[in-house]
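Subject: Handing over the structure

Hello,

Here is the structure I promised to pass on. Please look it over first, then read the notes below.

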Amino acid sequence: MHGIWIQDQHVTFRTDVPDPQSATGEARVRVLKAGICNTDLELLRGYYPFTGILGHEFVGVVESDGEWYGRRVCGEINVACGVCSQCRAGRPTHCERRTTLGIHSRHGAFANYLTLPIENLQAVPDSVTDDEAVFTEPLAASVEILEQVHLRPSDTVVVLGDGKLGLLCAQVMATTGCNLLAIGKHSAKLSLLEARDIRTALITEAPQLRADVVVECTGHASGFALACQFLRPRGTLVLKSTYAESLTVDMSRLVVDEVTLIGSRCGPFPPALDLLARKRVDVTSLIQARYPLKDGVLALEKAAQPGRLKVILDIAE
Ligand SMILES: [Zn+2]
Ligand SMILES: [Zn+2]
């Protein structure tokens, strides 16, 4: 089959990748569409050494026999062992032996087929389009913030960063009715939020506010210090960005201000699919370009250009 292969931080389009066969308890999924995520770009920059088929944001159709046959699905990307201490404690996304679709020890979604355990599959409601379903994984990562932080209606929340994840996080935070301000660098992207009645500000014109919660989604190491500037003492700083470089932090500032730091990664799929089905968030305006799988290397180059939003790979066409 065809696939986008990463090796030594280099990607190629290959026509000879082995067709995956599902193991017991796994489903074989024909990929319809996949989304390029910043994590894919960070893997190219050396965030984590991975060799194999890239990609973890997808919608597809189950082609292996069984009760899931023919159903349209997306899938949780962390595959847990089920027996380690983290799994037994109910933290499967932190499984000590986990593999992660297109990121760690498991071939990903930029290919004609992928395999995932049945328990990782989530049926996509009919009211959710293929384009929308591709956003389930990053939207779930945004929903994870609400699993971790209790927001009061009186809380002031700043979402910092107007990239793909920032635009999703801002929309998810807005569902809580908190006092929200999204801060970014690009008025065209912020206008997507303004269209949904979310207050925004350019970083150069942002008010000197001290928020109860700041969600850092800039995708850059420099975003950390910036996020601290918008946080009140004893505030909560939620970190969503991952990047290849390491960070120098003024830890004393965090100590003196008694800041609560929360790392936030993957989240629950069902509430994300529910938000999509009920049109509580708009994801399709984030789609900037689409390419066939054979042009996946070009698509990754385009997605890596500054200011790019979501690039979709149309795989089953
Ligand atoms: Zn992602
Ligand atoms: Zn485990």
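Arg-232 and Asp-212 form a salt bridge, with their closest N and O atoms 2.5 Å apart. A salt bridge here is a side-chain nitrogen of Lys or Arg within 4 Å of a carboxyl oxygen of Asp or Glu. Arg-232 sits in strand β15 (residues 231-239) and Asp-212 in strand β14, so the pair ties together parts that are 20 residues apart in sequence. Helices (H or I, at least four residues) and strands (E, at least two) are DSSP runs, numbered from the N terminus. Asp-212 is buried at 16% relative accessible area, while Arg-232 is partly exposed at 29%. Buried means under 20% relative accessible area, exposed means over 50%, and partly exposed lies in between (1.4 Å probe, protein chains only).

A word on the model. It is predicted: local features need pLDDT of at least 70, side-chain atom pairs count only at pLDDT 80 or more, and totals for chains, interfaces and linings use all residues. Residues are numbered from 1 along each chain as its sequence is written, chains are lettered from A and ligands numbered from 1 in the order in which they are written, and side-chain values use heavy atoms, with hydrogens and water left out.

The whole structure holds 18 salt bridges. One of them joins Glu-26 to Arg-106, with the closest N and O atoms 3.1 Å apart. This pair links distant parts of the chain. Glu-26 is in strand β3, and Arg-106 is in the loop between β8 (99-100) and β9 (113-117), 80 residues apart. Both Glu-26 and Arg-106 are buried.

Another salt bridge pairs Asp-131 with Arg-290, at 2.8 Å between the closest N and O atoms. Asp-131 belongs to helix α3 and Arg-290 to strand β17, 159 residues apart. Asp-131 is buried, at 17% relative accessibility. Arg-290 is partly exposed, at 37%. Salt bridges that share partners join Lys-33, Asp-131, Arg-290 and Asp-314 into one network.

Start with ligand 1. Cys-37 (SG), His-56 (NE2) and Glu-57 (OE) coordinate this zinc ion at 2.1 to 2.5 Å. Donors are N, O and S atoms within 2.8 Å of the metal (3.2 Å for Na, K and Ca); water is not among the atoms, so sites may look incomplete. The donor spacing in sequence is C-x18-H-E. Cys-37 lies in the loop between β3 (26-36) and α1 (38-44), and Glu-57 in strand β5 (residues 57-62), so the pair ties together parts 20 residues apart in sequence. Cys-37 is buried at 12%, and Glu-57 is buried at 0%.

Now the zinc ion that is ligand 2. Its protein donors are Cys-81 (SG), Cys-84 (SG), Cys-87 (SG) and Cys-95 (SG), 2.3 to 2.4 Å from it. Their spacing is C-x2-C-x2-C-x7-C. The four donor atoms subtend angles of 101 to 120°, which makes the arrangement tetrahedral (four donors count as such if all angles lie between 85 and 135 degrees). Cys-87 is buried at 13%, and Cys-95 is buried at 1%.

Cores

A nonpolar core is a set of buried Ala, Val, Leu, Ile, Met, Phe, Trp, Tyr and Cys residues joined through side-chain atoms within 4.5 Å. The largest has 44 residues. Leu-139, Val-157, Val-159, Met-173 and Val-215 touch the most other members. Elements that each supply at least two residues include β5, α4 (136-148), β11 (156-160) and α9 (269-277). Helix α5 gives the most, with six residues. A second, separate core of 36 residues includes Val-11, Val-31, Val-79 and Tyr-291.

In α10 (residues 296-303), Gly-296, Ala-299, Leu-300 and Ala-303 are buried. They cover an arc of only 100° around the axis, which puts them on the same side of α10. The arc is that of the directions from the helix axis to the C-beta atoms. Among the elements covering them are β1 (3-7), β2 (10-14) and β18 (310-314).

In α9, the buried residues are Phe-269, Ala-272, Leu-273, Leu-275 and Leu-276. Their arc is only 155°, which puts them on the same side of α9. They pack against β6 (72-75), β10 (121-123), α3 (130-133), α4 and α5, where contact means heavy atoms within 4.5 Å. Just after α9, Lys-279 takes a positive phi of about 55°.

Best wishes

Notes: Tetrahedral: all angles 85-135°; square planar, octahedral: opposite > 155°, others 65-115°.
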